Amino acid sequence: MKVKLLAACAAVGLVSLFVGRCTSVGREAQFVMGGALVDVGYGLQDGIESYDFEHDHEIGPEEVWEEMLRHNRLSSGMRSRFPRATHHPLVALLVCMDARIDTNELVGDTRRFYYVVRTAGSVMSEREEEMLELAVANGVKLVVLTTHSDCAAEKVAASAELRPRFPALGRAVDEREARVSSFLGRPAIAAAVQKGELAVKRVAIETLTDQLVER
Ligand SMILES: [Zn+2]
């Protein structure tokens, strides 16, 4: 009886996999289901109190560090048991370091599919420009430069009270547009765009809904 049940499950699984992989509706359904399962996984971890850095303010920095290492042991242990396929990223995303933005929630699984550069205020320095150019040299076809609503770095830049305390951050936000122009003007980037080998898009992220709005 058990063998029959297993065989039936395997058959259903194979058919689902075939339908899922071979039709656009199936692939879309798999994409959404995968995201939902990731959410379920995050939800499981959310509910475990000792995993919560945010609300346990009584623990000291070394205890937080120990906790982080323990999480890494648990996570990397799972990864070695369930290795994933590797992919060559075609997209590079520049995103603010704001913890409310999860790139996996923005566009699905970004692990191994995207190069993700995170900086305060989504600002580039010369280093990030070079890093993105290196990504393009390694095959990236789309660079997405983002900003987001309710950005703490932008608030610093706009605040007469906070700017004296965080002058470099304020300046970096001020220079954000100039840095974008500088990046677009880099010879290798300009040439790739002109040849149609690279697109550079600018989007605003709605922080609370994850919606992207092209700028
Ligand atoms: Zn921000």
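Select R112, in the loop between helix 4 (103-107) and strand 2. Helices (H or I, at least four residues) and strands (E, at least two) are DSSP runs, numbered from the N terminus. R112 is not a glycine, yet its phi is positive, about 70°. Buried or exposed is R112? R112 is exposed, because 12 other C-beta atoms lie within 10 Å. The cut-offs: buried means 20 or more other C-beta atoms within 10 Å of the residue's own, exposed means 12 or fewer, and partly exposed is in between, with C-beta atoms placed from the backbone.

Two notes before moving on. This is a predicted model: local features need pLDDT of at least 70, side-chain atom pairs count only at pLDDT 80 or more, and totals for chains, interfaces and linings use all residues. Residues are numbered from 1 along each chain as its sequence is written.

Two strands pair if DSSP finds at least two bridges between them.

Walk across the pairs:

- Strand 1 and strand 3 run parallel, joined by 4 bridges. Pick L94: opposite stands L145 in strand 3.
- Strand 3 and strand 4 also pair in the parallel sense, over 7 bridges. Pick V144: its bridge partner in strand 4 is K201.
- Strand 4 (residues 199-205) and strand 5 run antiparallel, with 3 bridges. Pick V203: it stands opposite E214 in strand 5.

Stop in the loop between strand 4 and strand 5, where D210 is found. D210 is another residue other than glycine with a positive phi, near 70°. D210 counts as partly exposed because it has 15 C-beta neighbours inside 10 Å.

**The core**

Which residues touch the most other members of the largest nonpolar core? Select A92, V143 and A153, from a core of 22 residues. A nonpolar core is a set of buried Ala, Val, Leu, Ile, Met, Phe, Trp, Tyr and Cys residues joined through C-beta atoms within 7 Å. At least two core residues each come from strand 1 (91-96), strand 2, helix 5 (126-137), strand 3 (142-148), helix 6 (152-158) and helix 7 (167-174). Strand 1 gives the most, with 5 residues. In soluble globular proteins, nonpolar side chains tend to be buried together.

Centre on V143. Leaving out residues up to four places away in sequence, V143 touches A92, L132, V136, L198 and V200. Contact means C-beta atoms, placed from the backbone, within 7 Å.

Next, pick A178 in helix 8 (residues 176-185). A178 is exposed because 10 other C-beta atoms lie within 10 Å. A178 and M124 are 54 residues apart in sequence, and their C-alpha atoms are 9.6 Å apart in space.

Finish on helix 2 (residues 24-46). How many of its 23 residues are buried? The number is 0, so helix 2 lies largely in the open. Check its length too: at 1.5 Å a residue, its 23 residues should span 33 Å, and the end C-alpha atoms are 33 Å apart, which agrees. The expected span is 1.5 Å times one less than the number of residues.

Conventions
Contact = placed C-beta atoms within 7 Å.
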